[in-house]
Every structure is written in structure tokens, then in C-alpha cells.
Amino acid sequence: MSEKNREGKRSARERLAEERDRQKARDKQRRALIVGAAVVGVLGLAAVVGLLAANSGDDKSDTAGPVVAPKGASDKDGPAIPVGKDSAKSTLTIWEDFRCPACKGFEDGYRSTIHELADKGQLKIEYHLATLIDGNMGGSGSKRAANAAACAQDAGKFLPYHDVLFKNQPAETDDAFSKNSKLIELAGQVDGLDGDSFKKCVEDGKHDSWVDKSNKAFQDAKLRGTPTVRLNGKDIFGDQNNPLSPQKLKQKVEEANRN
């Protein structure tokens, strides 16, 4: 091989090595740019999350208001709306959520029996309102409906409106009760309820903080869920080995009232 050919091959190897070095430098620079962009993106996302969290906190503080209990509400064992005669010997305590399908099932099965016992003066009922489904499914229908029911209590129409809400309960995943317009529309099924004062109470969320207090009492009590039904402090609903029935409820109330 001539000296000239050896020089040509060496120059080609040198040029190839130089190109590899330049390619490595470009790859290194590109990786640095990608990492830098990723860091900037993470920081930017953190800033956005922080802003959203801050705004969320601000919104919560803005909407929080004083606890305004509905007329006649009690607070002995947590905020409750009493129904029936004070002279009744027995008390049925019910924890309910207006979005809860199991609560609707209980109401549909026991509504007429509970009304009968209350009308006869044998039973008084304490309704405790919870917002369990809002927490589990998202939305605000439980809270909005509970506030509207408290507004109905102000007008002396709690029980008929309570019954209308359960009879017209949407599917659990349908947050229809989050719309005040829907709650006001349903008030039209209760004689004398859908007046201006009720509408303003619903739209202003007058009893929102009271509902929050009621739901906190539900959480603090560590109850199994909704509905929770207790007769004179004893849980009587949900025992699969000894299921309750409307007739059994009547018997339990009669037995309790004899003692």
C-alpha cells in the first residue's frame, strides 16, 4: 500500500471519529434540553396545582357562613328535624341522604307506617340529614336537597317535601338535586311551599352550614351508613338475621310504649 493510500484511509478514520464526537455532543445537548423542559413542566404544573388549591381554599372560605338552624330544629344528638307529637313515648331516629338509594328503599317501604304511628301520637321522629353520596359520588345534590328540606321546615312543610324528594329521587349517579331550580320545581307538589321566601332560602343556601354540621355529626358518630334507623337509641334496621318489616316496626313501638 502506498503512503498516499495510507494517508487517505487515516484521514477517513479521523473524519469518522470527529463526526462521532460531534454526534455525541449533539445527543448530549438534546438530552439536556429535554431534561430542562421536563423540569420546567413539573415546576409549572406544581405552580398550577398550588394555585388551584389556593383558589379552592378561597372558595370554601367564601361560601362558608354562620350556622342557621331551621325553625324547630333540635340539636340534642346532632342537628335534627323533629316530626310528631312531643308526648309520644318512643322516638325513631333516622339518618338519611336524599341521594341515597337505600334511603329511598326504606322510605318507600316504611313511609305509610311511620306516618300512621306519628299521627296516632305513638311515635316521634328525628330526621338527621347527611351528605354521604356527595362525598362518595361527587356533586352537591345531597347538600342542596338537605338545605331545601331545611327551608321547607321553615315553612312548616318539611315532611311532605321530604317525601316528595324521595319519591322523585334521581339515579345515584345523576346529580339532578344539585340544581336549585329542580328543588324549587318539586316544591310545587307541596301545597303552599313554592313561595318567594322558600325560593330565596334555597337559592341563598341559607342552611348550608347547618347541613355541614349535621353531616359532621354523622361522621363523628361513625355510623355504618345511610339509612341508620334507631328506635329509642337501639339500631333496628339492617340486621339480615332479623330483618325489620312494617309490621315488626309497629310491634316494637307498641312494646316500647307499654314499658
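This is a predicted model: local features need pLDDT of at least 70, side-chain atom pairs count only at pLDDT 80 or more; totals for chains, interfaces and linings use all residues.
Student: Which strand is Ser 90 found in, and what is Ser 90 in contact with beyond its neighbours in sequence?

Tutor: Ser 90 belongs to strand β2. Leaving aside neighbours within four places in sequence, Ser 90 is in contact with Gln 122, Leu 123, Lys 124, Leu 231, Asn 232, Val 253, Ala 256 and Asn 257. With Asn 232 there is also a polar contact between the side chains, at 3.3 Å.

Student: Where is Asn 232, and what is its phi near?

Tutor: Asn 232 sits in the loop between β4 and β5. Its phi is positive, near 50°, in a residue other than glycine. With 42% relative accessibility, Asn 232 counts as partly exposed.

Student: Now the sheet. In what order do the strands come?

Tutor: First the general idea: strands of a sheet pair through backbone hydrogen bonds, either parallel or antiparallel. Here five strands make an open sheet, ordered β1-β3-β2-β4-β5, with mixed pairing. At the edges are β1 (81-83) and β5 (234-235), each of which pairs on one side only. Helix α8 (residues 208-220) packs on this sheet and touches β1, β2 and β3 (123-129); the direction of α8 makes about 100° with that of β3.

Student: How many bridges join β2 to β4?

Tutor: Four bridges join β2 (residues 90-96) to β4 (residues 228-231), and the two strands run antiparallel.

Student: What is Val 83 in contact with, beyond its neighbours in sequence?

Tutor: Val 83 is in strand β1. At 14% relative accessibility, Val 83 counts as buried. Leaving aside neighbours within four places, its contacts are Lys 124, Ile 125, Tyr 127, Phe 158 and Leu 159. Take Leu 159: along the chain, Val 83 and Leu 159 are 76 residues apart, yet their C-alpha atoms are separated by 7.5 Å.

Student: Which cysteines form a disulfide?

Tutor: The way to find one is to look for a pair of cysteine sulfur atoms within 2.5 Å. The count comes to one disulfide. Cys 151 and Cys 201 form it, with their sulfur atoms 2.1 Å apart. Cys 151 lies in helix α4 and Cys 201 in helix α7, so the pair ties together parts that are 50 residues apart in sequence. The torsion about the S-S bond of Cys 151 and Cys 201 is about -80°, so the disulfide is left-handed. Cys 151 and Cys 201 are both buried.

Student: Is Cys 103 buried or exposed?

Tutor: Cys 103 is buried, at a relative accessible area of 0%. Cys 100 is buried too, at 4%.

Student: Finally, the backbone: which residues does a cis peptide bond join?

Tutor: Omega is the angle to check. A cis peptide bond joins Thr 226 and Pro 227, with omega about 0°. Pro 227 is in the loop between α8 and β4.

Student: Where is Lys 222, and is Lys 222 buried or exposed?

Tutor: Lys 222 has its place in the loop between α8 and β4. With a relative accessible area of 72%, Lys 222 is exposed. Its phi is positive, about 55°, although Lys 222 is not a glycine.

Terms used: Residues are numbered from 1 along each chain as its sequence is written. Side-chain values use heavy atoms; hydrogens and water are left out. Two strands pair if DSSP finds at least two bridges between them. Contact means heavy atoms within 4.5 Å. Axes are lines fitted to C-alpha atoms, for helices over the stretch in contact, and angles run from 0 to 180 degrees between N-to-C directions. A polar contact is a pair of N or O atoms within 3.5 Å; within protein, one must be able to donate a hydrogen and the other to accept it, and residues adjacent in sequence count only if both atoms are side-chain atoms. Buried means under 20% relative accessible area, exposed over 50%, partly exposed in between (1.4 Å probe, protein chains only).
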